[in-house]
Amino acid sequence: MAGESLGDLVDVADAFQGQQSVHFVAEDLVRFDQETGKGAIRWLRHERRQSLNFNKVDTPLSRSAATEFPDTEYDRDPVLPFELTLVSDRTIRLRFNARDAALPAGDSLMLVGPVAAGGEWTVESDDEEIVMKSAKATLRMTLRPWRVTLEDAEGRVLTATRRLGEPASFSAPPGFSFVRNGADLSRSFAAATSLSPGERLFGCGESFTRLDKRGQRIIAMTRDAMGVQSQRMYKPIPFYLSSNGYGVFVHTSTPTTFDFGRDFDGTNVAYVGDEQLDLFFFVGDPAEVLEEYTALTGRSPAPPVWSFGLWMSRITYKSEAEVRDVAAKLREHAIPCDVIHLDTGWFETDWQCDYQFSASRFDDPRGMIADLIDDGFRVCLWQLPYFTAKNRLFDEAQDDGLFVKNRGGKMPAEDGVLDFTNPDTVAWYQGKLTELLKLGVGAIKVDFGEDAPLEGVYASGRTGWYERNLYPLLYNRVVSDLTEAITGERIIWARSAWAGSQRYPLHWGGDAENTYSAMAATLRGGLSLGLCGFTYWSHDAGGFVERAPRELYVRWLAMAAFGSHTRCHGAPPREPWEYDEAFVGTFRQIMETRYRLIPYLVAQSRTAAERGAPLIRPLFFAYPHDPTSWLIEDQYLLGEDFLIAPLLDDGLQRDVYLPPGDWIDYQTGGTFEGRAWHTMTAAELPIIVLVRNGSLVPHAPLAQHTGAIAWDQLELVHYGDSTADASTRVFFPEGRDTILTAHLSGQGDWRLSPQESDGGSDYAVRTTTPGFDHRGEDE
């Protein structure tokens, strides 16, 4: 089922179109034990046959006879295992097998642990259906014909499984079925469910296409996307959520194709390349669905505070002198920065990863790293898990059997690919990284990992059909676990991901082109990934491929600054002093604004991660009952209080939609009504930033790196004219977690209640007025 060229995406749906496959369509529930949730479904055999009609040939499905021999050993319409688990009040699991064998109960890398029954459900049944109800959802299972219907607490139908030919149509929409492929006798499922008119669908990982996936076909298969302007993804995730009030996780590591009503508008089909189908359905609004999904697949732990500072990089710093010069110039120009990243050039030969600093260009790596740490910088190092034959480590790794092999025991690719299902490989690889982390390196860039050989045979005993998509998850985990063990901090900088990778932050958006179109696509990818449980995410400000055009760079930098994490990286130059003096001033101002907001970013990301929510989120995530919010894909919310509208051209003006409530312009103090469109103009910063009326936002005194922030001198700024109490969360670097509440005093100013102020701290609380200068007096 591989593509024509190595690395091609595999569309599992293709197996359902040709005449070489036998189709088995779900027909009726033969048996079901309400106590255990185990039962069996009868699947009716069909085949595609040519139909000549009015000068065209169609190939509809028709009932077919059994063709196996001996016919006494094979069933025409097999009865196969089915399992239903009520996981929580909002979560239902359905499992199916395309072979007559018990469904396995084994562990899964994608899940944080075993899935057990839970929640409070009542069950009623008769000869026609079984009805299961919780306080949040209803599941109706019709016995003959078999059908599952999902409803919300009010009885509104959210979605239902589709039968063959339902609805009646000459276009023959698919039914809930599986095929036996004539090429290799493998099985693949088509999980067909209904779509409502106006229903919108979101997620599927870091997808760069339109944010609303309705009408699209998305292939969930890891692939070096080579940019952000196609359907290829570095981080596909087999999960989506619907504006109708539900979400679906297809628990698989095989290639999966989602047809979101593209081939037939009223039917949604997940084509899954596995002989076992494992579906989780979640009921609720987007935040509730994500909380349920991440309860199963895990949530993002907090990365260190320093990671929220600026990461400065390019392709590539190649010497100790160059690194020291960049660090010195950052401080000379008073540009706040916390991380300097060394990409492909810190080895003796560029791109030839051997985990050792070049002896000819780095005189004293340990001393350099120590000096940088003293000056408030951390060091991040690039590497990858692929080895060319010229790499000095190639023979060692090959001789020790550390690479993925093919069926003949040889290499399935031109490069050696580390096999992370092999414990010996993990130990060898972690040994190389250990030496770097002990030098004082703060983070490892976990680059590539998307193209593990599909035809390879892994130490797990499985082929790349099952291991390719899991490869990023294993890769992320191996580096993240080691980094935490040595440094005590849970952080990587990774490009590839699969379901569950959110447990190993951070991830960034790959090699974007240097265009406004790529900037917009990057944002869509980040929003889509966040809707799959990734709290943290970043991207290369200005795009990656070429020198960033000046106006694009500054606008992209502003978007990056009002985000989870901020990195400048790509083709040189990336350093602001390589442009012009005015650019340096704007660059500095943007980063000073970010650094003042780091207390807000740290606390908001903690709050988000506790529920599996993204820090940057679409408007509908917080306003699911506002119809227009579901349409916006070029704006986002930053935590609970900020709304960001990037500038996606060289101008300083754009139309901005504001959801319900009043909003305050962060730069000018102007007030705008929500649930309306406004034409707005950026002020000093080249971006539109608004703050929710009534919010209390902590600001830090200006510092050149996060380690120098005076956390005991925060300024709490109250936005708007609300007289209600306002609260904010502050999570301090030493682990103290505080809720600060401001009250309007009788004198008309805002003060912290004595019992809620933090003893020994000198906080200031003030309100905004029109024309408020957001930078504050300390600048």
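Q: Where does Asp152 lie?
A: This is a predicted model, and what follows is to be read as such. Asp152 is part of strand S11.

Q: Is Asp152 buried or exposed?
A: Burial is judged from relative accessible area, with under 20% as the limit for a buried residue. Asp152 has a relative accessibility of 11%, and therefore it counts as buried.

Q: What separates Asp152 and Tyr246 in sequence and in space?
A: Separation along the chain and separation in space are read side by side here. Asp152 and Tyr246 stand 94 residues apart in sequence, while their C-alpha atoms are 8.7 Å apart in space.

Q: How many salt bridges does a search of the whole structure find?
A: A salt bridge is read from the distance between a side-chain nitrogen of Lys or Arg and a carboxyl oxygen of Asp or Glu, which must be within 4 Å. The search of the whole structure gives 50 salt bridges. One of them joins Glu68 and Arg180, whose closest N and O atoms are 2.8 Å apart. Because Glu68 belongs to the loop between strand S5 (61-63) and S6, and Arg180 to strand S13 (residues 177-180), the pair ties together parts that are 112 residues apart in sequence. Glu68 and Arg180 are both buried.

Q: Which parts of the chain does the pair of Arg550 and Asp580 link?
A: The side chains of Arg550 and Asp580 meet in a salt bridge with an N to O distance of 2.7 Å. This pair links distant parts of the chain, 30 residues apart, with Arg550 in helix H9 (residues 550-561) and Asp580 in the loop between strand S29 (566-568) and helix H10 (581-596). Arg550 has 29% relative accessibility and so counts as partly exposed, and Asp580, at 31%, also counts as partly exposed.

Q: What is the distance between the closest N and O atoms where Arg736 forms a salt bridge with Glu734?
A: For Arg736 and Glu734 the closest N and O atoms are 2.7 Å apart. Arg736 is partly exposed, its relative accessible area being 31%, whereas Glu734 is exposed at 55%.

Q: Which residues are linked in a network of salt bridges?
A: Salt bridges can also be read as a network, and here one links Asp11, Arg217, Asp259, Arg262 and Asp263.

Q: How many aromatic pairs are there?
A: Rings of Phe, Tyr and Trp pair if their centres lie within 6.5 Å, and planes over 60 degrees apart count as edge-to-face. By this rule there are 57 aromatic pairs. The rings of Phe96 and Trp146 have centres 5.7 Å apart and planes at 80 degrees, so this pair is edge-to-face. Phe96 lies in strand S7 and Trp146 in the loop between strand S10 (137-142) and strand S11 (147-152), so that distant parts of the chain, 50 residues apart, are linked by the pair. Phe96 and Trp146 are both buried. For Tyr657 and Trp677 the ring centres are 5.4 Å apart and the planes stand at 55 degrees, so the pair is tilted. Since Tyr657 is in strand S33 (residues 653-658) and Trp677 in strand S36 (residues 676-681), this pair ties together parts that are 20 residues apart in sequence. Tyr657 is buried, with a relative accessible area of 2%, whereas Trp677 is exposed, with 51%.

Q: Which residues form one aromatic cluster?
A: One aromatic cluster is formed by Phe24, Phe32, Trp43, Phe82, Phe96, Trp146, Phe176, Phe178 and Phe189.

Q: Which ring has Arg495 over its face?
A: Arg495 lies over the face of Phe448, 4.3 Å from the ring centre. Likewise, Arg606 lies over the face of Phe731, at 3.5 Å from the ring centre.

Q: Which residues lie nearest the centre of the largest pocket?
A: A pocket can be read from its volume, its lining and the elements that supply that lining. The largest pocket holds about 1200 Å³ of space. Its lining has 48 residues, with Arg93, Arg95, Pro104, Ala105 and Asp278 nearest the centre. That lining comprises 22 nonpolar, 15 polar and 11 charged residues. Strand S2 (38-48), strand S6 (79-86), strand S7 (91-97), strand S21 (276-283) and helix H6 (464-467) each supply at least two residues of the lining, and S6 gives the most, with six residues.

Q: What is the volume of the second largest pocket?
A: The volume of the second largest pocket is about 630 Å³. Its lining is made up of 29 residues, and Leu6, Tyr386, Ala413, Asp415 and Asp451 lie nearest its centre.

Technical notes:
Residues are numbered from 1 along each chain as its sequence is written. This is a predicted model: local features need pLDDT of at least 70, side-chain atom pairs count only at pLDDT 80 or more; totals for chains, interfaces and linings use all residues. Side-chain values use heavy atoms; hydrogens and water are left out. On a 1 Å grid over the protein atoms alone, a cavity is a set of points where a 1.4 Å probe fits but cannot get out, and a pocket is an open set with protein on both sides within 12 Å along at least five of seven lines; lining residues have an atom within 4 Å of a point. Grid points are joined across faces, edges and corners, and a volume is the space filled by probe spheres set on the points. Helices (H or I, at least four residues) and strands (E, at least two) are DSSP runs, numbered from the N terminus. Ala, Val, Leu, Ile, Met, Phe, Trp, Tyr, Cys and Pro count as nonpolar, Asp, Glu, Lys and Arg as charged, and the others, Gly among them, as polar. Buried means under 20% relative accessible area, exposed over 50%, partly exposed in between (1.4 Å probe, protein chains only). Rings of Phe, Tyr and Trp (its six-membered ring) pair if their centres lie within 6.5 Å; planes under 30 degrees apart count as stacked, over 60 as edge-to-face and the rest as tilted. A charge sits over a ring if NZ of Lys or CZ of Arg is within 6 Å of the ring centre and within 35 degrees of the ring normal.
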